[in-house]
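Come along while I look up a few side-chain contacts and see what they join.

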Amino acid sequence: MSIYLKDIQSLSILNKAKVHSGNHLLAIKKVEWISVIEAPVESFVRQNEYVLTTGVSFSENVQSFQQFVEDIITSNAAALAIAFGPYVKEIPQSIIELAENHQLPLIELAWTTRFADIIKEVINLMQRHKHEYVERIELIRRALLDYILNGQSLSVVAQHVSDSIQSDVIIADKKGMIRGYNKKLNPMLEKAWQQSLNKSLLEDGLEQETENQFQWILYDRKYYALQLSIQLTGHVQGYVVIGDFSEEPLTPTEEKKWKMLLEHVTTAIAIYFLHEQAAKEAEWRLRDDFVWELSQGSIHSTDLLRSRAKSLNYQIHLPYICLILHVSNLKESYDLHPHLPISFDHWHHECIRHIEEEAERTAKSMAIKLLVTYQHKEFVLFIETSEHNVISHANTFINRLKKRIQMLYPYVLLTWGIANQFGYSCFNESYLEAKRAIDIGRKRRGEGTTSVYADTKVDRVLELLLLNKDLQEIAYSVLSSLLRYEQNRQIDLIHTFTTYHANHGNVSQTARQLNLHRQSLLYRLRKIETLTNCQLSNADDLFLLDLSIRLWLYGMEI
């Protein structure tokens, strides 16, 4: 990316120049400019400059000569070239050792070599190098666009970039899935980058700040990688990671050149992601419609069902169980990222697609098939299962998927419903059970829970009982006085009874659990009996009171 001292020393005009110190540094010392200076040096010399001098300011004073060299060292110049002649006839050994110790190449020039001619040749060299670099960038740009437009994989793109710049290259999407990399990639680079991105995802979720486009990553203890975000309309779509940098930061000139190169690379990859996204959207719409119709049992033709499944690469002849996922707090999660350049509707659409992708990856990691759609603010998932440990299998899938979703979107709440019915061609029945399970779970226990249809027997019984008007009137007559007393006195007698009943009438255990004195608990229990006209020692009264309270807690209006 830059010219080096060896490039300058190989110029014909310097074929008689002699290197007194730092000969081993010629191949690694970068040169960004050339200048002529005499004492004082002060701040007139910049880093990585090739400095020319006649030595007139220190011709007769070794201490002044040494001070001049020390100032050149402090300025981090690339090299010091001294014209031997009337002012400097030799370089003292002490100064050569000083330069050697501080890695400053000292170069002897013939007095007859004009500085103007040297400067002209060096500037011409820099211009040629810049021109060659721009041409190389243009060749890379054309090749990348050809690869993208011809449908080549991102691994081919990564390999071409790697060959062009002689560095390791990783291309990944915004979720950290590596989509392409060069052959013989250093595994330490991949590991360090994955750890860095996972840390960012855990801290900030999927939506990262886009202001800082460049990020440095240390790997293998001595190398640095440059991560560049791929953006479309200010929104991160993925990352390009370039390895094999030294620990020294880029100079402004180098950074400008790298930006020029990487802009072409990221533009080509952004086009790739854009095309891929458009194709996925079309496929997702077809799959969404098919899975939803499958769950509703609205495809009555077996031949049509098989034909559509085959065109979407779905295997519907396998045994499946239905899961339903409801995601809460999406708006709150979006509001936590005020820097996002897209609307909530756009972000919400991306969120849905990301969750569907993660569900597919989770199923793939478990070597099972998956059918998924998003309808009416819920994900409907059919996962392949077997006759053994069906619920355990479903929970394993849920836990793996939940972990990945919460890494991408840390603030959302995930509520699940699991069917009991599973097997072959029972999509509608399994869906209806999962739907009942999640509706009951959200109603009884709120968001962020998992409900299994088989565990909702009592809830389903209560739902049916609530339809009986006679039973509602009985429950009203039992609880009305009790509820009015609770409201007026602010004493939770309902909770007192449910705790007492759960402890099988054990007064001491109930008092400890409610943190009440024994006599206070006995007073409350007598008050419950008085207000409900039910004796807690009577089994029938106890059953009636318990049933009435269950109906009220389930949603009966009194």
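**Salt bridges.** I searched the whole structure, a predicted model, and found 21 salt bridges. I began with D7 and K6, whose closest N and O atoms are 3.3 Å apart. D7 is partly exposed at 21% relative accessibility, and K6 is partly exposed too, at 40%.

Next I looked up K280 and E357, which meet in a salt bridge at 3.1 Å, N to O. K280 belongs to helix α7 and E357 to helix α10 (residues 344-365), so this pair ties together parts that are 77 residues apart in sequence. K280 counts as partly exposed at 25% relative accessibility, whereas E357 counts as buried at 8%.

I then noted a salt bridge between R353 and D288, again with the closest N and O atoms 3.1 Å apart. R353 is in helix α10 and D288 in helix α7, so parts 65 residues apart in sequence are tied together here. R353 is buried, with a relative accessible area of 7%, and D288 is buried at 8%. I also wrote down a network: D173, E358, R361 and R404 are joined by salt bridges that share partners.

**Aromatic rings.** How many aromatic pairs does a search of the whole structure find? I got 15. In one of them, Y87 and W111, the ring centres are 5.8 Å apart and the planes stand at 65 degrees; over 60 counts as edge-to-face, so I filed the pair under that name. Y87 sits in the loop between β6 (79-84) and α3, and W111 in the loop between β7 and α4 (115-149), 24 residues apart. Y87 is partly exposed at 34%, and W111 is partly exposed at 39%.

F290 and Y314 gave me a stacked pair, 6.0 Å centre to centre with 20 degrees between the planes. Both of these residues are buried. I also found Y334, F344, W347 and Y409 linked into a cluster by ring pairs.

**Charges over rings.** F344 came up again: the charged end of K331 sits over its ring, 5.7 Å from the centre. I saw R460 over the face of Y453, at 3.9 Å from the ring centre.

**Helix α3.** Which residues of α3 (residues 93-101) are buried? I listed I95, I96, L98 and A99. They cover an arc of only 160 degrees around the axis, which puts them on the same side of α3. I found these buried residues packing against β2 (18-21), α2 (62-74) and β7 (106-110).

Terms used:
Residues are numbered from 1 along each chain as its sequence is written. This is a predicted model: local features need pLDDT of at least 70, side-chain atom pairs count only at pLDDT 80 or more; totals for chains, interfaces and linings use all residues. Side-chain values use heavy atoms; hydrogens and water are left out. Buried means under 20% relative accessible area, exposed over 50%, partly exposed in between (1.4 Å probe, protein chains only). Helices (H or I, at least four residues) and strands (E, at least two) are DSSP runs, numbered from the N terminus. The arc is that of the directions from the helix axis to the C-beta atoms. Contact means heavy atoms within 4.5 Å. Rings of Phe, Tyr and Trp (its six-membered ring) pair if their centres lie within 6.5 Å; planes under 30 degrees apart count as stacked, over 60 as edge-to-face and the rest as tilted. A charge sits over a ring if NZ of Lys or CZ of Arg is within 6 Å of the ring centre and within 35 degrees of the ring normal. A salt bridge is a side-chain nitrogen of Lys or Arg within 4 Å of a carboxyl oxygen of Asp or Glu.
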